[in-house]
Each structure stands twice: as structure tokens, then as C-alpha cells.
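Dear colleague,

Please find the structure below, handed over for your records. My notes on the two ligands and on a few individual residues follow it.

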Amino acid sequence: MADDESHAEEGDSRPDRDVTGADAETPAAPRADGGAVDDVALDPWGSSTVADYRKLFEEFGIEEFDDVLDSVSEPHYLMRRGVIFGHRDYRPVAEAMLNDEPFAALSGFMPTGDPHIGHKLVFDELIWHQQQGGDAYGLIADLEAHSARGIQWDDIDEHAESYLLSLLALGFDPEEGELYRQSENEELRNLAFELGSKANFSEFQAIYGFDGETSISHMQSVVTQMADILYPQLEEPKPTVIPVGPDQDPHVRFARDLSTRMRFFKVTEAYASFELDDAERELVAIAYEALADGTDDAETDIRCEEAAEWLEDEAPDSTALWDTVETLKAGGKEPLRPRVRFFDRNATEDAFEALIEAIDGEKRVYEGHIDTFDLDREAAEELAREIEVDNGGYGFIAPSSIYHRFMTGLTGGKMSSSEPASHISLLDDPADGYDKVKAATTGGRETAEKQRELGGEADECPVYELYAYLLTGDDDEFAAEVYEECVNGERLCGGCKEQAAQLMEEFLEEHQEKREEAKELLDDLDIQLESSRK
Ligand code: TRP
Ligand code: SF4
């Protein structure tokens, strides 16, 4: 193939200063997203770009997807190729998938414009999780589009339908999964209201930079998104993954937080009647292990004050140490005994009573908490959730997320919906799609000679991205071939773009046919296509 491609290249009629098909000045030109200004700002309504994905791990605590890749039995190509680069707490989802247990996947789309190839990543992620046995949810964030972006309802309706058609055309099964519009989902809005009771304005300021000028509806759209994220768990708690771009991470973190705040009980480990924070607990655990010296007998007579002395002698100095010692000294002669503690966070009286009833073995009941001595942490968590659900609570499991890389715009810089040349809309005329790829910036060298000598820069090339993210589909060999041939200098940009452009044209043709077919399906679904709002 490399040969054919180079021939195509040689026959290219473009001017000779641009034989690689790249715009000559592009390789040296600064990339629009290369600035330091917003390279780690995660702003759901801003123009997020990520110049350095590593910072997302270091500064925001997003975890590397590679760490969980092994626990996914047949990972999607976007996972295999590192397009899905990060996650929060994906393990429970992966485990549920492996064990054939219930799990869900949900994502939402703001109907502000036409769906484009960037959205296709998320459509594909949802569909894949659905095919792995998950309950899949696709929602139209019309309340958000209206309140945060000021889009009128007529336009919202048009775009909403278009997103739904593409999602269906790509293979979302609406019989198995659920599609909804925020504006039409009463259960969702009720949940949003409940969640709003656990959130306050200071947090909105801190997380989203809201201020006195922010409209109330915009704030409502935030709690609505929190409700979206937890919606799959209304029937029963289950691991839920939210596939999104990293700009949505603030929402994910907040939703995880709120899911915890809604819980009836908080389960912690303790050693005595008083509270310890995590660092202190760790120190007490060390002292306890050392002093108990392997006896399995829970009834040791190690006293708090002994543990304090031991720590003073043996543990390295730190503030946590001084705090722990002080706390232990105040505990005096109280014996240390490991226990699992249930705190009453939001429990109803009935639920608290039911929990007391349900705990086997030794327990001590206090005003706002219960200490148990024969339960391990995990069993306690499970019991807490069970009692909560039985007593009218949600029992939420903190939602998980996966993050995909943003696609580079075809003209370099950010792929932006408002700049038609930078992206390919799923509605683009296939011939226009072809032309846009042909006109794209590349990672090529200034001349064919240099390209043969040095190889192209596939890692910097929006065209290679098209291959990796979309055009090669599940075919890893094909993707690797393009990459290798490019960096070896066997592949020249003209031919490479010609091939990509043809594939794009075919993809758009096929996709648009399927969208036509999906129209009938969509009409039959129980989803409002025309909003009653004005
Ligand atoms: N805020 C998202 C966006 O800007 C859309 C959205 C709404 C969403 N609710 C969601 C995404 C729930 C994921 C999960 O595109
Ligand atoms: Fe050129 Fe390589 Fe990009 Fe293809 S992948 S367009 S050969 S830089």
C-alpha cells in the first residue's frame, strides 16, 4: 500500500513547495491549544483544551486508564489506543462487566449544534457499554443548552433530533437502553431537586466560578446534570460509568460527592469510642498491631494510653503523630478494640432501628452511631446500602467516569463546533467531508524528501487522529500500519490524506443512510421531538 500511496503523492498536482500536502508553515506555527493559559483549566462551559494530559493526573487526581485496561476483557479500540486516557473509579464497572452483574453507562449531549465526529466518540462508548451488557442511557441536555448557552427551543428541538438519530444510526439499542430529554423527564427533575438540597452556592462558586451574575436556571442545570449522572441508579444502586471529555470532570467529582452526601450511613473503621481521621487511624492501627502481637483475640487489654506511649517511642514525628498521641492519651484506660462504625448521616429513625436489628454479633448503640465488632468493613458497607434501600433511600454507588482525548481540529488547534473547517459534522455532505480531510493540516515535513528521510509526525497529525479515532475502526493492524508507514517515511501526506478522505466520505455516506433508516425508529420511541416550551 505504501507504494501506491507514494505514487498518488507524486502525481499530486499541488504546488511543489507543499508536496507533502501539509500547509508549509503549519508545522512550525504555534498550535492554538499550546498556550499555557488554560492548559489545565477544566471548565464545562469554557473552551477546554488540554495541552498536557499528565497534569490531569497530577493536579486533578484523574487516574490513568492504562491501569484498569487489564481488567476489561475485550477493551474498545478507543481504550486500546489510549484515546480513552483516564478514568475515575472505573474498576467497579469493569468488575461488574466481568461478573455479569448489573452496571450502567450514561452520557449527555447539549443540543447546541450538529453532532460531529467528536461526539461520535461518546456515542460509540455508550453503545459499546450497552453491548457489554450495561444499561445504557443517552440524554439530551436541553435544559442546559437553554440556560447555559441561551439556545432557543426551536433550535434545540432540531439539534436534539439530530443527536438522537446519529446515536441510533451508530447502533444504540433503544429497546434495551433509555433515551430522554432533561426537559421532559419529571423523575429526573425531582431527583435534581433532592440533590440540590445537599449543594449550596459557595460550592457552585468554588467549583464552577459562578457569581452573582449567574442565572438561577444555569444553576438548576447543574443539579440537573447531577441527577442525570445518578439517574441510572434510581431503580437500584449499580456501578455507573459516565463517558465524557475531561472538561466534564468537575461535574463528575461533584456528583460523586453528592452521591455520598445522600447516603443514610457512613461506614468507618475505629478503635475506640472516639473519632480518628484517616492519618490517625493508620497510626493507631500500627500501634495496635504491634502491641496485640498477632493475637487474634479481639479482647486484648491494650489501653489507649499504652498505644500513645508506644507511638511516641516508635513512630516518626509528624503532626498526625502528635494529634494521635493526644487523642489516645485522652482515651486513658479505654481498651483499644477494632470495630466498624456506622454513622447516621441522613437515616430515618426507622432505618436506624432497622440497621440495629440487622447487625449480627456484638454491637454498641450510641446517639448518632453504632459500633459493631463482628463485621468487616465490606460487609458493613453492603449492609448499610441494603438497609438504606429497604427504607426508602437511594443507596447510591459513587459514579465512575472515563475520559477521552479531545480531537485536534482539522485546521490545527482545537476542534470547535463553531468553526466548520475544524471539524467534520456527521451531517456534512460526504463530498465536503472528503474536501475537509484533503485540506487538513498534517504532521508532515516541508518536502517529500524530508518526509522520506525523517518520517512524518503522526503524533502531531490531525489526519492520523482521524485514522486512529474513527477511520480504522476496530482494525488495530490498519491503524498501526498507517502510523508505522508515516513515521518511517514510507507514507506521504498527499496519498495518506487521499485515503483518509475517501474513508471519511464512505463513513459519512453510510452513516447518513443509517440516520435515514433511524428516523422511523425514532418516531416510534416515546421521546418528545417537539418541545412544548417557548
Ligand atoms: N454538560 C454536558 C455537556 O456540556 C452534557 C451533559 C448533561 C452530560 N448531563 C450529562 C454529560 C450527564 C454526561 C452526563 O456536553
Ligand atoms: Fe502525513 Fe503521516 Fe499525517 Fe499521514 S499520518 S497525513 S503521512 S503526517
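In the side chain of Glu 144, an N or O atom is 2.8 Å from a nitrogen atom of ligand 1; a polar contact here is a pair of N or O atoms within 3.5 Å, and within protein one must be able to donate a hydrogen and the other to accept it, while residues adjacent in sequence count only if both atoms are side-chain atoms. This is a predicted model, in which local features need pLDDT of at least 70 and side-chain atom pairs count only at pLDDT 80 or more, whereas totals for chains, interfaces and linings use all residues. Residues are numbered from 1 along each chain as its sequence is written, chains are lettered from A and ligands numbered from 1 in the order in which they are written, and side-chain values use heavy atoms, with hydrogens and water left out.

Around ligand 2 are residues including Thr 442, Gln 451, Tyr 464, Arg 491 and Cys 496. Helices H20 (462-471) and H22 (493-524) each supply at least two residues of this shell; helices are DSSP runs of H or I with at least four residues, strands are runs of E with at least two, and both are numbered from the N terminus.

Gln 233 is placed in the loop between helix H11 (216-230) and strand E6 (240-244). With a relative accessible area of 1%, Gln 233 is buried (buried is under 20%, exposed over 50% and partly exposed in between, with a 1.4 Å probe and protein chains only). Beyond its neighbours within four places in sequence, Gln 233 is in contact (heavy atoms within 4.5 Å) with Lys 238, Thr 240, Phe 396 and Ile 397.

Two aspartates deserve a note on backbone geometry. Most residues other than glycine have a negative phi. Asp 89, however, has a positive phi of about 55°; this residue lies in the loop between strand E2 (84-88) and helix H5 (91-98) and is partly exposed at 27%. Asp 100 has a positive phi near 60°, is found in the loop between H5 and strand E3 (104-109), and is exposed at 71% relative accessibility.

Yours sincerely

Conventions. A residue is near a molecule or strand if one of its heavy atoms lies within 4 Å of it.
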